[in-house]
Amino acid sequence: MKNLTANYKKGLTIKWLPKNGKLSYLSGINRPINPAQVTKLAESVTKMGIIRPLVVAELDFVSGKKTKYIIDGQHLFNALIRNGIDIPYVEIAIKDKQELIETIALLNASSKNWSLLDYICAWSSLSDDYIKLNHYYQVYDFDMGVLSSVLNNNTTDGGNITRKIKNGTFKIIEEATNIIILDNLTDVLKIIPRMNRMENRYLCVEYIRFLRNTNKYNHSKFLSGLKQNKQEFILATQEEGKLVELFTKLK
């Protein structure tokens, strides 16, 4: 089944690991292995053969001794073991953990397999900001775009914050102040009903923008007015621009 094409970067030679050979996983950086995905790949290999190699790197900064790790292709690795087939791989050089995360993120960005949470998990091994982001995602019931934008002191620009998370530049700014905003927003959403994290994105974005641009704000008074005018606010979530007007009246 060694029907691989040789269209790889000059100097990057395909090597073969015996079916009983050993490679290590980057636990806590790469995604956990999904057995269902292994099954799909095993079936694909049976039908089509092997169409791509694993990407491997020998690293000494993970465990303290030189070890060959799977950088990309751990599901394929297990599928080939299941099928009893020798494993093709290319070996790349990685100098440190920063380059390791960037390489994994780049490989997964090109295949579009990773979710934002996968990127957060990977970068958490290198940055406390990502550890905190993951923690707050579990604490607060918000869409990741809203949550990360608030913590980054951003203007809830989903595309910009997504890029930051993926390329490892996400930072939590003015944490204490922004936790208050998240707490206040939680109180607001206890009054204005929703179905899921995405349901009230518009309400969240408008409230955060209003709060950041308001000098005098009494949260208890605001919530009291919100309760009294609950139905009006629910209707306003369906009308662009109306929420800001209503928020201003309540402050």
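**Exercises on a predicted model**

The axes of helix α4 (residues 116–124) and helix α5 (residues 128–139) come within 8 Å and cross at roughly 135 degrees. The model is predicted, so local features need pLDDT of at least 70 and side-chain atom pairs pLDDT 80 or more, while totals for chains, interfaces and linings use all residues. Residues are numbered from 1 along each chain as its sequence is written, and side-chain values use heavy atoms, without hydrogens and water.

**Exercise 1.** Classify the crossing of α4 and α5, and describe their contact.

Step 1. Axes are lines fitted to C-alpha atoms, for helices over the stretch in contact, and angles run from 0 to 180 degrees between N-to-C directions. Helices are DSSP runs (H or I, at least four residues), as strands are (E, at least two), numbered from the N terminus.

Step 2. Angles under 35 degrees count as roughly parallel, over 145 as roughly antiparallel, 65 to 115 as roughly perpendicular and the rest as oblique. The crossing at roughly 135 degrees therefore makes α4 oblique to α5.

Step 3. With contact meaning heavy atoms within 4.5 Å, α4 contributes Leu 117, Ile 120, Trp 123 and Ser 124. From α5 come Tyr 130, Ile 131, Leu 133, Asn 134 and Tyr 137.

Step 4. These residues divide into 7 nonpolar, 2 polar and no charged. Nonpolar covers Ala, Val, Leu, Ile, Met, Phe, Trp, Tyr, Cys and Pro; charged covers Asp, Glu, Lys and Arg; the others, Gly among them, are polar.

**Exercise 2.** Describe the surroundings of Asn 152.

Step 1. Asn 152 lies in the loop between α6 (144–151) and α7 (158–167).

Step 2. Asn 152 counts as buried because its relative accessibility is 4%; buried means under 20% relative accessible area, exposed over 50%, partly exposed in between (1.4 Å probe, protein chains only).

Step 3. Leaving out residues up to four places away in sequence, Asn 152 touches Ile 161, Lys 164, Phe 170, Lys 171 and Ile 173.

Step 4. The side chains of Asn 152 and Lys 164 make a polar contact (2.8 Å). A polar contact is a pair of N or O atoms within 3.5 Å; within protein, one must be able to donate a hydrogen and the other to accept it, and residues adjacent in sequence count only if both atoms are side-chain atoms.

**Exercise 3.** Which residues of α2 are buried, and what covers them?

Step 1. In α2 (residues 74–83), the buried residues are Gln 74, His 75, Leu 76, Phe 77, Ala 79 and Leu 80.

Step 2. Their cover includes β1 (15–17), α1 (35–48), β2 (54–59), β3 (67–72) and β4 (87–91).
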